[in-house]
Amino acid sequence: MRESAEAKFLRLTQIEAELWARGAHIAGIDEVGRGPLAGPVTAACVSIPREKLVPGVDDSKKLSEKRREALYPLLLEAADYARTAFVPPEVIDEVNILSATKMAMEQCAAGFQGLFLVDAVTGLRLPGETRPIVHGDALSYMIGAASIVAKVERDRYMMELDAQYPQYGFARNKGYGTAEHIAALRAYGPCPAHRRTFIGKILGGGV
């Protein structure tokens, strides 16, 4: 039986409702771009007041690109805090992807004071209480909102990279290791947007 929009909204705001009842000021944090061969890892921190929640929020992976783009400006308009942080490929190569993810999360959250709901990642240095939630983008409204903002902003960034390096198809693959992208890597070699530590095996260590 398909979940109704109202039932989904109540489920996604259950964690937040319990915290709001205690007077908590809540933000959600999520990241996108841990797996691609190119481009930054991107994190967003979003806080939306209870009375301004936007209908239709869900895990960004469950939404079409068109739906994410439609929700994005509505979420930014409703938010009392929304910030995105990008950590570039050269830093990912230097510190590893988990550390780079934590850096992005800490940077985007730096200006918020309150309680942070985070999608799974632990060990963050944030200016408030942190509550990691496994599969949080599918269980928490605020984390879902952050996942949409991060996804839209990273996708737009990758489309800008596509204009600089059209041979890799970044507008289509967003830096992920599709067959088309891997073939282009082998044909043209890496560009500055590629993560050297991610593509060594593909190119036989010649990076």
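This is a predicted model: local features need pLDDT of at least 70, side-chain atom pairs count only at pLDDT 80 or more; totals for chains, interfaces and linings use all residues.
Local features need pLDDT of at least 70 and side-chain atom pairs count only at pLDDT 80 or more, while totals for chains, interfaces and linings use all residues. Residues are numbered from 1 along each chain as its sequence is written, and side-chain values use heavy atoms, with hydrogens and water left out.

**View 1. Strand β2 is covered on both faces.** Let us start with β2, residues 41-47, where 7 of 7 residues are buried (under 20% relative accessible area; exposed is over 50%, partly exposed in between; 1.4 Å probe, protein chains only). Helices (H or I, at least four residues) and strands (E, at least two) are DSSP runs, numbered from the N terminus. In a regular strand, side chains alternate between the two faces of the sheet. Here Val-41, Ala-43, Cys-45 and Ser-47 lie on one side, with Thr-42, Ala-44 and Val-46 on the other.

**View 2. Strand β2 pairs with β1 and with β3.** Pairing takes at least two DSSP bridges between two strands. Follow Ala-43 across the view: Glu-31 is its bridge partner, and so is Ala-85 in β3.

**View 3. Ser-140 sits in the loop between α6 (136-139) and α7 (141-164).** Ser-140 is buried, at 0% relative accessible area. Its side chain makes a 2.6 Å polar contact with that of Glu-16 (N or O atoms within 3.5 Å; within protein, one able to donate a hydrogen and the other to accept it, and residues adjacent in sequence count only if both atoms are side-chain atoms). The Ser-140 side chain also reaches the backbone nitrogen of Met-142 at 3.4 Å. Beyond neighbours within four places in sequence, Ser-140 is in contact (heavy atoms within 4.5 Å) with Leu-12, Glu-16 and Leu-117.
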